[in-house]
Amino acid sequence: MSQVVGRDDLLLVTLDTLRFDVAVELAEAGRLPNLAAHLPGGRWEERHAPGSFTYASHQAMFAGFLPTPAAPGPHPRLFAARFEGSESTAVGTYVFDAPDLVSGLADAGYRTVCVGGVGFFNKRGALGSVLPGMFQESHWEPEFGVASPTSFEAQVARAERVVAELPAGQRLFLFVNVPALHQPNWFHLPGATREAGDSRATHAAALEYVDRHIGRLFAAASSRRRCFTIVCSDHGTAYGDDGWTGHRLGHESVWTVPYAHFFLEPGAH
């Protein structure tokens, strides 16, 4: 990563609330053709989330603590703040002298852009301004939010516009928080009703919805040069698993998340 930063554009996509088991099932069943085409070996990597809900997990990720491989470590990190005694900072780690990765990349000459999704990115109050406030440029509108059935399409359209307006030589760090998986998601499954509510099946349908449109995001992100891309979940969520529902709790369905990183060559989709 120390050789990638400064050369390639960077894209971080968090599929907010996506469960690992659902992501794996859909990839193996051929229901995620656009995502699976870029996953190494066509498979998601199993990792552990750095937090059990959006705010905590993103604070950690923006400090360089991406989801951790689900195996005994230590595991070298891609990004790390300069920190004495860090056991996960390795030779290839990109080390930054800033309190967060976003600022570190800005210091390295990147244009940092956030396209928000869930409420922690809506800039409607002090708390919802913390995470997007790390970026030089941030975007959120109700159409991007959790209640919008077309949230991801709207986010992609904004990302396309952001990329198109950048000078050709300007390096970009683009971050997209995708809210479609988060509750409410019942409207992504044909025949589902508000009264019946969300379920594992509607969660899966929301992921299929994202897959239908993510090719446009990948194409935009790699339209100017090669783009190093991370796609992961920030945490999962429970749908009655062992009696648990929701997240911000310590259940396996919450802590276990899908992760992948890969290069998008120019013209990818």
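The lining of the largest cavity divides into ten nonpolar, no polar and no charged residues. Here Ala, Val, Leu, Ile, Met, Phe, Trp, Tyr, Cys and Pro count as nonpolar, Asp, Glu, Lys and Arg as charged, and the others, Gly among them, as polar.

The model is predicted: local features need pLDDT of at least 70, side-chain atom pairs count only at pLDDT 80 or more, and totals for chains, interfaces and linings use all residues. Residues are numbered from 1 along each chain as its sequence is written, and side-chain values use heavy atoms, with hydrogens and water left out.

**Cavity and pocket**

The structure holds one cavity of 30 Å³ or more. On a 1 Å grid over the protein atoms alone, a cavity is a set of points where a 1.4 Å probe fits but cannot get out; a pocket is an open set with protein on both sides within 12 Å along at least five of seven lines; lining residues have an atom within 4 Å of a point. Grid points are joined across faces, edges and corners, and a volume is the space filled by probe spheres set on the points.

| Site | Volume | Lining by class |
|---|---|---|
| Largest cavity | about 80 Å³ | ten nonpolar, no polar, no charged residues |
| Largest pocket | about 260 Å³ | seven nonpolar, six polar, two charged residues |

Leu10, Leu11, Leu12, Leu66, Phe79, Leu101, Leu105, Phe173, Phe228 and Ile230 line the cavity. Strand β1 (9-15), helix α4 (101-107) and strand β9 (227-232) each supply at least two of the lining residues. β1 gives the most, with three. Helices (H or I, at least four residues) and strands (E, at least two) are DSSP runs, numbered from the N terminus.

The largest pocket has about 260 Å³ of space. Its lining counts 15 residues; Leu66, Pro69, His75, Pro76 and Arg77 are the closest to its centre. β3 (68-69) and β12 (256-264) each give at least two residues to this lining.

**Helix α3**

Helix α3 (residues 54-61) is mostly covered, with six of its eight residues buried (under 20% relative accessible area, with exposed over 50% and partly exposed in between; 1.4 Å probe, protein chains only). The buried ones are Thr54, Tyr55, Ser57, His58, Ala60 and Met61. Their cover includes β1, α5 (127-130), β8 (172-178) and β9.

β10 (residues 238-241) and β11 (residues 244-246) pair in the antiparallel sense over three bridges. Pairing requires at least two DSSP bridges between two strands. Ala238 stands opposite Gly246 in β11. Two residues lie between the strands of this hairpin, and Asp242 in the turn has a positive phi of about 50 degrees.

Definitions and conventions: Contact means heavy atoms within 4.5 Å.
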